[in-house]
Every structure is written in structure tokens, then in C-alpha cells.
Amino acid sequence: MERRKNLDTNRSFRAIITWERDPSNIPKDVWLRDLIVNYGEIIGKTFTGDSWTVPVKVTGFIEGTWDTYADVRFLVEEAPWHLLVGGYCFKLWAGKEIATVRIL
């Protein structure tokens with residue numbers, strides 16, 4: 001039996017998030033747990049492919065923009081951790097696309 005690499009699923013990555021709406025009502029330093037990233041296609045209203053929960057913690061607001069500094073992570077070791085490298089971007093989903101994340 002192959003032994004899986006034990007990843008620390010509590011490890012987070014620094015990011016900048018550009019929100020589709022004003023993020024001023026998002027609490028700072030609180031993990032938001034109802035966001036996902038979709039790795040697949042959305043055709044009409046149907047999603048095909050993998051999706052992963054992405055907890056997000058806003059750590060600061062960038063004045064004059066809808067951008068925030070944040071920590072992001074996956075919840076399970078089977079998620080595509082290898083993608084969370086500097087410069088990688090992905091869309092956050094909460095019923096619709098709500099933000100773009102760029103890993104620092």
C-alpha cells in the first residue's frame with residue numbers, strides 16, 4: 001500500500017483577492033468557510049469537474065480598491081496543493097463567481 005504524503009492542511013498561503021463587490025462588510029481575521037474553487041467547466045447552470053472548499057481569511061483591506069490581503073488554504077490533502085504557488089490565480093465561487101485570488 002502506497003503511503004500518502006502527510007500535508008499540513010492548516011497551512012495557509014498569502015494572497016491578494018479582487019472582489020466583484022465591495023468587501024468592506026467582510027469580517028477581518030475570520031475564516032470564511034463557504035467558498036469554493038471549481039476546476040472544470042460550467043455549462044449553463046451545470047458544473048462538471050472537481051471543486052474544492054477554500055477557506056479564506058481577509059487580513060487587510062487595500063485602500064481605494066475592492067482588493068484585500070488574505071490567507072487561503074484547502075481543507076483536505078487530496079486538493080491540488082501544488083497549484084498554490086506565487087502568481088497562481090483562481091476564481092472563488094459562492095453560487096456565482098465572486099472574486100479572483102492571486103497567490104503571493
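The radius of gyration is taken here over C-alpha atoms, and the rule for a globule is 2.2 Å times the number of residues to the power 0.38. In this predicted model, the chain has 104 residues, for which a compact globule would have a radius of gyration near 13 Å; the value of 14 Å found for the chain therefore agrees with the rule. Along the principal axes, the C-alpha atoms fill a box of roughly 55 × 35 × 25 Å.

The secondary structure consists of 8 strands and 0 helices, so that the order of elements from the N terminus reads β-β-β-β-β-β-β-β. Of the contacts between residues at least 6 apart in sequence, 59% join residues at least 24 apart. Buried residues account for 34% of the 104 residues. The accessible surface amounts to about 6,900 Å², with 49% of it belonging to carbon and sulfur atoms.

The interior may be considered next. In soluble globular proteins, nonpolar side chains tend to be buried together. The largest nonpolar core of this chain holds 24 residues, among which Ile17, Val72 and Leu92 touch the most other members. Two or more residues are given to this core by each of strand 1 (13–19), strand 5 (56–61), strand 6 (67–72), strand 7 (89–93) and strand 8 (97–103). Val72 illustrates how such a residue is surrounded: leaving aside residues up to four places away in sequence, its contacts include Phe13, Ala15 and Ile17, together with Trp31, Val54, Pro55 and Val56, and also Val101 and Ile103. Arg11 and Ser12 are likewise touched by Val72.

Beyond residues up to four places away in sequence, Glu41 touches Thr46, Phe47 and Thr48. Glu41 and Gly64 are separated by 23 residues in sequence and, C-alpha to C-alpha, by 33 Å in space.

A final point concerns backbone geometry. Most residues other than glycine have a negative phi. Asp29, although not a glycine, has a positive phi of about 60 degrees. Asp29 is placed in the loop between strand 1 and strand 2 (31–32). With a relative accessible area of 48%, Asp29 is partly exposed.

Note on methods
Residues numbered from 1 in each chain as written. Predicted model: local features only at pLDDT ≥ 70, side-chain atom pairs only at ≥ 80, totals over all residues. Heavy atoms only, no water. Helix = DSSP H or I, 4+ residues; strand = E, 2+ residues; numbered from the N terminus. Buried < 20%, exposed > 50% of the residue type's maximum accessible area, 1.4 Å probe, protein only. Contact = heavy atoms within 4.5 Å. Areas by Shrake-Rupley, 256 points an atom, 1.4 Å probe, with all protein chains shown as cover. Core = buried A, V, L, I, M, F, W, Y, C linked by side-chain atoms within 4.5 Å.
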